[in-house]
Structures are given as C-alpha cells and as structure tokens.
Amino acid sequence: MKARRPMPIAPSRRHAFWLVLMLLAASVATAASVAGAVGLHRASKPLVMLFAICLVAVRADLSGAGARFRWILMLALACSLAGDVFLMFEGLFLPGLVAFLLAHLAYLALFLRGLPWLPSRAAALAVALIGAAMYVFLWRGGLPAALRLPVALYVLAIGLMVAQAVGRALRLRDGAAWRVALGAGLFMLSDSLLATNRFVQPLPLAPLWVLGSYFIAQLLIAACARPVSDRGQSGT
C-alpha cells in the first residue's frame with residue numbers, strides 16, 4: 001500500500017501564515033521598543049521585513065507575468081530590512097538612510113510599471129508641498145549640516161514614491177491600489193515622526209507611532225501591490 005503524499009499547502013494559507021507572522025513580529029518589535037527591551041527589539045524587528053519578503057514570495061498573484069513585479073517588491077523590502085538593521089545601532093543613521101532611499105527608489109520603479117510618470121499633477125504638487133514643509137521644519141529644528149543634503153535627497157525620493165503611489169491609485173481606482181497609496185503615505189508619516197523625534201524634539205511614545213505607522217505601511221504595500229496587468233486595466 002502506497003503511502004499518501006502530504007497535501008500541498010494552499011497558496012492562500014501560505015499567504016495567511018506569513019502575514020500572521022509579520023503581524024506578530026511587528027507587534028513584538030513595537031512593544032519591545034516602547035518598553036525599552038533593546039535585545040528583544042533587535043531580535044524581532046528584522047523578522048518583520050524577512051516575513052514580508054516570504055509573504056511576497058508565496059503570493060500566487062505575482063507569478064508568471066507578475067514575476068518581475070515580485071522581484072522589485074522583494075528588493076524594496078530587502079533594502080528596508082537593511083535599513084531597519086542599520087537604524088537599530090548608533091552611528092549608522094546615514095547607512096540606514098541610504099538603504100531606505102534605495103527602498104523608495106525600488107518602490108517608485110514598482111509603481112511606475114504600466115503607468116506614466118506621476119499620473120496626477122495635483123497629487124504630485126500636494127506631496128511636494130508637504131515634503132518641502134517637512135524639510136524646512138527639520139532644517140530649522142536642528143538638522144545637522146552634514147545630513148542636510150542626504151536628507152534632502154531622501155525627502156525627494158520618498159516624495160516621488162508617495163506621489164506616484166497616489167497618482168497610481170487615482171488612475172486605477174481600485175481598493176488594492178488605494179491601500180498601497182495609504183501604505184506609501186504612512187511610510188512618509190513614519191519617517192517624518194522619526195526625523196522629528198530625532199532632530200527636533202522628543203515625541204511621547206515615539207516608538208509606538210513611528211514603528212506602528214511604518215509596519216502598517218510595509219504590510220499594506222507587501223500584501224496589496226499588484227501589477228497593472230493583473231487588474232485588467234491600463235488606465236486612461
């Protein structure tokens with residue numbers, strides 16, 4: 001009598017498995033940071049992006065024609081993972097900034113696929129004004145001179161990423177695209193809170209707001225970003 005082969009795990013279950021692990025790791029990392037448990041925070045925080053990469057790797061809707069989209073998304077998450085590790089240690093803020101700048105450029109490339117550059121001028125203008133205001137706020141609040149140019153480049157990169165994500169949502173007009181745009185906006189909010197707390201003034205419960213918005217942002221993008229071709233829309 002032949003032994004039965006184990007039933008393969010359904011793609012939806014694999015997706016849910018990594019999604020739950022990502023949520024658990026994010027909760028632990030955030031709680032540990034708020035409580036000042038440095039060791040637990042350093043052990044759990046990198047797991048969030050690692051699980052996010054696994055989540056993207058098992059997504060059934062990113063196979064075939066969506067394979068390149070999957071790899072770009074995983075690259076953005078891998079750069080974010082590197083940035084997370086760098087920012088956990090003193091003296092590595094600039095490498096962390098560069099890692100996240102590369103992550104935003106990868107996200108920008110992702111959101112450009114199948115769509116024109118900055119589909120909504122109104123969204124681009126609104127994000128530009130917000131980014132410029134935030135940069136002036138940081139400059140006047142005590143941003144070190146050595147970081148003014150790197151931070152300016154970073155603000156430009158994340159601003160373009162957010163503007164492209166919002167314009168993409170306005171063009172595609174579906175729930176998944178809007179969740180991705182929300183994730184991009186939360187990413188910008190998280191970075192603004194982090195910079196304010198670091199360079200201007202300490203914020204109450206800063207780790208909760210910074211990490212909470214950051215992890216939700218990454219989760220929304222990792223779980224919801226899809227190629228334009230998968231939606232059957234080309235935009236108008």
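Author: Let's start with H3, where Phe69, Arg70, Ile72, Leu73, Met74, Ala76, Leu77, Cys79, Ser80, Leu81, Gly83 and Asp84 are buried. Buried means under 20% relative accessible area, exposed over 50%, and partly exposed in between, with a 1.4 Å probe and protein chains only. Helices here are DSSP runs of H or I with at least four residues, numbered from the N terminus. Before we go on: this is a predicted model, where local features need pLDDT of at least 70, side-chain atom pairs count only at pLDDT 80 or more, and totals for chains, interfaces and linings use all residues. Residues are numbered from 1 along each chain as its sequence is written, and side-chain values use heavy atoms, leaving out hydrogens and water.

Reader: What covers the buried residues of H3?

Author: The cover includes H2, H4, H6 and H8.

Reader: How do I check the span of H3?

Author: The expected span of a helix is 1.5 Å times one less than its number of residues. H3 has 21 residues and reaches 30 Å from its first C-alpha to its last, close to the 30 Å expected.

Reader: Which residues touch the most other members of the largest nonpolar core?

Author: In general, nonpolar side chains tend to be buried together in soluble globular proteins. A nonpolar core is a set of buried Ala, Val, Leu, Ile, Met, Phe, Trp, Tyr and Cys residues joined through side-chain atoms within 4.5 Å. The largest one here has 61 residues, and Leu73, Leu77, Tyr107 and Phe187 touch the most other members. H8 gives the most to this core, with 10 residues.

Reader: Where does arginine 59 lie, and is it buried or exposed?

Author: Arginine 59 sits in the loop between H2 and H3, and it is buried, with a relative accessible area of 2%. For its polar contacts, look for pairs of N or O atoms within 3.5 Å; within protein, one must be able to donate a hydrogen and the other to accept it, and residues adjacent in sequence count only if both atoms are side-chain atoms. The side chain of arginine 59 reaches the backbone oxygen of alanine 222 at 2.7 Å.

Reader: And what does serine 213 touch?

Author: Serine 213 is in helix H8 and is buried too, at 8% relative accessible area. Contact means heavy atoms within 4.5 Å. Not counting residues up to four places away in sequence, serine 213 touches Leu186, Ser190, Leu193 and Leu208. A polar atom of its side chain also lies 3.1 Å from the backbone oxygen of valine 210.

Note on methods:
Helix = DSSP H or I, 4+ residues; strand = E, 2+ residues; numbered from the N terminus.
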